[in-house]
Amino acid sequence: MIYKYDFLIIGAGVAGMSYALKVARAKKGKICMICKTSLDEANTSFAQGGVASVTNLKVDNFEKHIEDTMIAGDYISDREAVEQVVKNAPSQIEELVKWGVNFDRNEKGEFDLHREGGHSEFRILHHADDTGAEIQRGLMAAVRACPDIEVKENHFAVEVITQHHLGARVTRRTPYINCYGAYVLNPDTQKVDTYLSKITVMCTGGVGAVYQTTSNPIIATGDGIAMVYRAKGTVADMEFVQFHPTVLHHPGETHPAYLITEAMRGYGGILKLPNGETFMEKYDARLSLAPRDIVARAIDKEMKIHGLDHVCLDVTHKPAEETRHHFPNIYQKCLDIGIDITKEYIPVRPAAHYMCGGIKVDLNGCSSIDRLYALGECSCTGLHGGNRLASNSLIEAVVYADAAAKHSIEHVELYDFNDKVPEWNDEGTMTNEEKVLITQSVKEVGAIMSNYVGIVRSDLRLKRAWDRLDMLYEETENLFKRVKASRDICELRNMINTAYLITRWAIERKECRGLHYTIDYPVHAYDKKD
């Protein structure tokens with residue numbers, strides 16, 4: 001089947017939905033949103049902490065937020081991108097509220113602001129301890145109420161379409177690569193359909209599922225990054241994988257591991273060993289509120305020193321009723337596994353959480369491939385640099401969705417559909433009866449990345465990861481050519497491509513910088529004036 005849409009959006013988190021709503025307002029053409037699962041299963045819904053925005057002008061200002069972001073990013077962040085997000089955040093918060101998103105307020109009706117690690121002021125808007133789920137709920141309601149947005153759930157994008165599919169030779173040095181849409185797997189027919197578009201927007205989320213333990217859902221397999229890389233698009237900063245310092249240690253729950261929000265440390269939670277000893281004073285003057293990379297490495301080191309599989313977070317010194325009020329979902333989750341957090345320590349450990357790199361885009365969200373935009377976690381705007389400042393990601397997605405919507409609305413009428421694109425050809429392939437090969441390879445990717453490309457790295461570990469991934473790549477590509485396209489084989493391809501990019505970028509950075517920490521090279525001594 002061949003479908004035609006003016007705007008094709010691949011992914012349905014906060015980035016994809018806010019872009020769709022903004023474009024729909026302009027009435028510039030047909031809009032289709034491809035969602036690989038159901039609309040409510042995006043990574044956005046797993047975000048607990050909140051959204052960073054300067055709203056309390058009595059004590060906070062843009063310069064403070066900009067500087068906090070630059071410090072957290074180890075001064076690799078693109079200052080223009082930082083300024084764009086920070087200065088446009090308040091207006092986008094207003095838009096979220098108009099779409100029906102509810103943020104907690106105090107008795108005066110003002111936003112009830114939290115503070116998180118790396119922030120110099122209280123500027124985190126939240127909805128209890130499930131802010132992402134509330135944003136997803138509000139945006140889903142708005143999208144479903146909009147008759148101009150067609151949502152196709154449980155459809156899987158296999159590849160983006162470029163002139164390569166028309167027989168042209170496309171390399172990374174090809175000056176003008178054009179995107180004409182995407183090939184998409186239909187779950188009902190198990191056929192790959194052709195979706196032609198004037199504008200394609202990649203909003204596929206993160207990569208956490210390439211690691212054994214992650215706060216991300218199992219669907220976070222790096223699909224968009226892998227598809228764009230295979231199409232010869234530019235990616236950047238892939239070595240910077242953020243590990244959240246505190247997910248709930250509950251054996252058996254790894255995809256996703258339950259997140260214990262950083263706001264709990266902002267609230268007064270203290271990191272301790274199981275015997276009650278504190279340890280963060282050995283690593284940073286900001287103690288438990290140090291930036292995530294420092295806290296994650298500290299926990300990782302303490303676990304190795306003491307032979308532990310977790311450390312603990314202590315909020316037992318805080319008023320019990322206040323804790324239950326601020327963190328009702330965390331309280332209930334822990335209670336379900338036999339832990340009363342008002343009386344007992346919470347067992348926590350680090351887990352893969354957020355990709356700071358991705359598809360390289362400009363201030364309008366445009367990738368290196370013409371007519372292809374990238375938004376949200378799959379993109380690399382330059383905001384995060386070497387390490388994401390807590391709660392900057394959700395607001396980045398909305399701000400860049402706004403910029404991309406404005407830019408694409410201005411340009412959509414300049415493009416036509418390319419009717420020469422051939423349909424997907426699977427002639428000669430067969431149904432895959434060897435699912436065990438895929439299942440085992442997925443486990444191998446997770447083991448390789450967690451053991452060799454994790455919080456602490458070395459040249460030897462990275463070389464071993466490279467060699468193992470190369471073997472998995474060859475095996476998987478051979479299998480992909482023989483069998484009919486399915487979601488599981490496509491996800492495995494994407495995981496291996498993404499894991500390869502993380503490893504390659506890690507090998508090429510010969511220093512400790514931001515989230516990339518290696519025992520073979522010194523910590524980078526940067527000049528703050530650079």
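**A helix pair and a buried aspartate**

The crossing of helices H12 and H13 is left-handed, a term used when the near helix is turned anticlockwise from the far one by less than a right angle (clockwise being right-handed). This is a predicted model, in which local features need pLDDT of at least 70, side-chain atom pairs count only at pLDDT 80 or more, and totals for chains, interfaces and linings use all residues. Residues are numbered from 1 along each chain as its sequence is written, and side-chain values use heavy atoms, with hydrogens and water left out.

H12 spans residues 459–482 and H13 residues 487–508; their axes come within 10 Å and cross at roughly 155°. H12 is therefore roughly antiparallel to H13, the word applied to angles over 145 degrees. Contact here means heavy atoms within 4.5 Å. Among the residues that make it are Trp466, Tyr473 and Phe480 of H12, together with Ile489, Arg493 and Tyr500 of H13. The residues of this contact comprise 16 nonpolar, three polar and three charged; Ala, Val, Leu, Ile, Met, Phe, Trp, Tyr, Cys and Pro count as nonpolar, Asp, Glu, Lys and Arg as charged, and the others, Gly among them, as polar.

Turning to the aspartate, Asp314 lies in strand E12, residues 311–314. Asp314 counts as buried because its relative accessibility is 3%, and buried means under 20% relative accessible area with a 1.4 Å probe, protein chains only. Beyond residues up to four places away in sequence, Asp314 touches Gly268, Gly269, Ile270, Lys272 and Tyr345.

Methods
Helices (H or I, at least four residues) and strands (E, at least two) are DSSP runs, numbered from the N terminus. Buried means under 20% relative accessible area, exposed over 50%, partly exposed in between (1.4 Å probe, protein chains only). Axes are lines fitted to C-alpha atoms, for helices over the stretch in contact, and angles run from 0 to 180 degrees between N-to-C directions. Angles under 35 degrees count as roughly parallel, over 145 as roughly antiparallel, 65 to 115 as roughly perpendicular and the rest as oblique.
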